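Subject: Handover of a structure for your review

Dear colleague,

Please find below the structure that I am passing on to you. I would be grateful if you could read the notes after it with the model open beside them.

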Amino acid sequence: MTSLDGVLPAIVDAHVQHWNPRHTPWAATRSSRLYGFVPRLGDRAFPLIASRADREFVLTPRTVARPYEPRQYATDAALVSTVVGVPIDTVVHVESHWRKALPAGEQSSAHNTALEETRYLLHLPFGQADAPRLGAIVAHGDPRDRDFGEILDQQLAVSSLVRGVRLVATRHPDPRVRDGGDADNILSSASFLDGFAELAARKLVFEAAVYSHQLYDVIVLAREYPDTTIVLDHFGMPAGVFGPIGTRTGATAAARADIWRLWRERMTTLASYRNVVVKLSGLAMPVLGYGHERWGNIGGQATLAEMIGPFVEHVVSHFGSDRIMFGSNYPIDRPNAAVDVLVGALVDCVSQWGDEALRRILRDTAIRVYGIDDA
């Protein structure tokens, strides 16, 4: 194992989500709310009342039904320094799909709940009791909204830590793979591209969450706004590349090889757009097809490094380490891999490129992209 001691002072985790379902307007699935009240009943009921898409995305209701705040993250990340020689000292919070649970017939305002999420973060004990500090916030935002510019200004007024917005645009042709977007081809639609000018004018970062077959939409966006930094979440999310999910996605070796080939080709094209940064997050996401056991499907650091190694090598070779950053995607990745396993596997994969690549991917790129104070 490569030690990072002397290579960098500490790691920046550029993709963490925080919530507290009991004390915030964040609304999870029916099964997660049930779990919050009766954990054992929730475990048994989850396979019965949650859709297959939701089950395969989170594996267990514990992921979303329990509070996940700085104290819980600090506990999860405590072993990182023992594995790689340095701790995680800074996190970037990425919007966590807050939706207000309202009575039947009433509609929630997505941007109002996004503002509430930002306010909620400011009262959490970041930087206390061994918890990392909050370096930046990526809030929810949808450029298709008519008042998108006003929404951005409201976010910036709430906190100077807001550095960008994310819109989850994931859509999959397999009906049993979880969709996050409300329409196809969101990022390349005329209304989205028109509204995106408001974000570009404020020099904010945009974070794109798509499945790998949707990467051409990111290419269109990067071409239309070459001066705006676009961060690609979860290295393009090649759903099913490691095993079957949904109805038939990744069900055969040939299908998985095709997912890998198309991901590789599209990422190569995307790399030619210098305003695109790749986030090596979601390395243990269940939707990649690791398996369906709720208590872990990977087996350890060496196995994870072996599986993600070809993806990491392709990204580093084409984007360069100055356009790559690390994110744990916690707590979504928690059922499959501990934070120290994620970090250790990534260090194993990246160490062949030397100390400079390790510094950039595990700290410097995130600090530059999100304008984090590195004092």
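This is a predicted model: local features need pLDDT of at least 70, side-chain atom pairs count only at pLDDT 80 or more; totals for chains, interfaces and linings use all residues.

The largest share comes from α5, with four residues. Sorted by class, the lining of the pocket comprises six charged, five nonpolar and four polar residues.

Helices α12 and α13

The axes of helix α12 (residues 301-319) and helix α13 (residues 339-350) come within 8 Å and cross at roughly 50°. The crossing of α12 with α13 is right-handed. On the side of α12, the contact is made by Gln301, Leu304, Ala305, Ile308, Gly309 and Val312. On the side of α13, the residues are Asp340, Val341, Leu342, Gly344, Ala345, Leu346, Asp348, Cys349 and Val350. Ten of the residues in this contact of α12 with α13 are nonpolar, three are polar and two are charged.

Helices α9 and α10

For helix α9 (residues 190-201) and helix α10 (residues 215-224), the axes come within 11 Å and cross at roughly 40°. That angle makes α9 oblique to α10. The crossing of α9 and α10 is also described as right-handed. Phe192, Leu193 and Phe196 of α9 meet Val220, Leu221 and Glu224 of α10. The contact of α9 with α10 has five nonpolar residues, one charged residue and no polar residues.

Two features of the backbone

Most peptide bonds are trans, and most residues other than glycine have a negative phi. Against that background, two places deserve a look.

The peptide bond from Tyr330 to Pro331 is cis, with omega near 10°. Pro331 is placed in the loop between β8 (324-326) and α13.

Ala129 is not a glycine, yet its phi is positive, at about 50°. This residue, Ala129, lies in the loop between α7 (110-121) and β3 (133-140).

With kind regards

Note on methods
Residues are numbered from 1 along each chain as its sequence is written. Side-chain values use heavy atoms; hydrogens and water are left out. Helices (H or I, at least four residues) and strands (E, at least two) are DSSP runs, numbered from the N terminus. Ala, Val, Leu, Ile, Met, Phe, Trp, Tyr, Cys and Pro count as nonpolar, Asp, Glu, Lys and Arg as charged, and the others, Gly among them, as polar. Axes are lines fitted to C-alpha atoms, for helices over the stretch in contact, and angles run from 0 to 180 degrees between N-to-C directions. A crossing is left-handed if the near helix is turned anticlockwise from the far one by less than a right angle, and right-handed if clockwise. Contact means heavy atoms within 4.5 Å. Angles under 35 degrees count as roughly parallel, over 145 as roughly antiparallel, 65 to 115 as roughly perpendicular and the rest as oblique.
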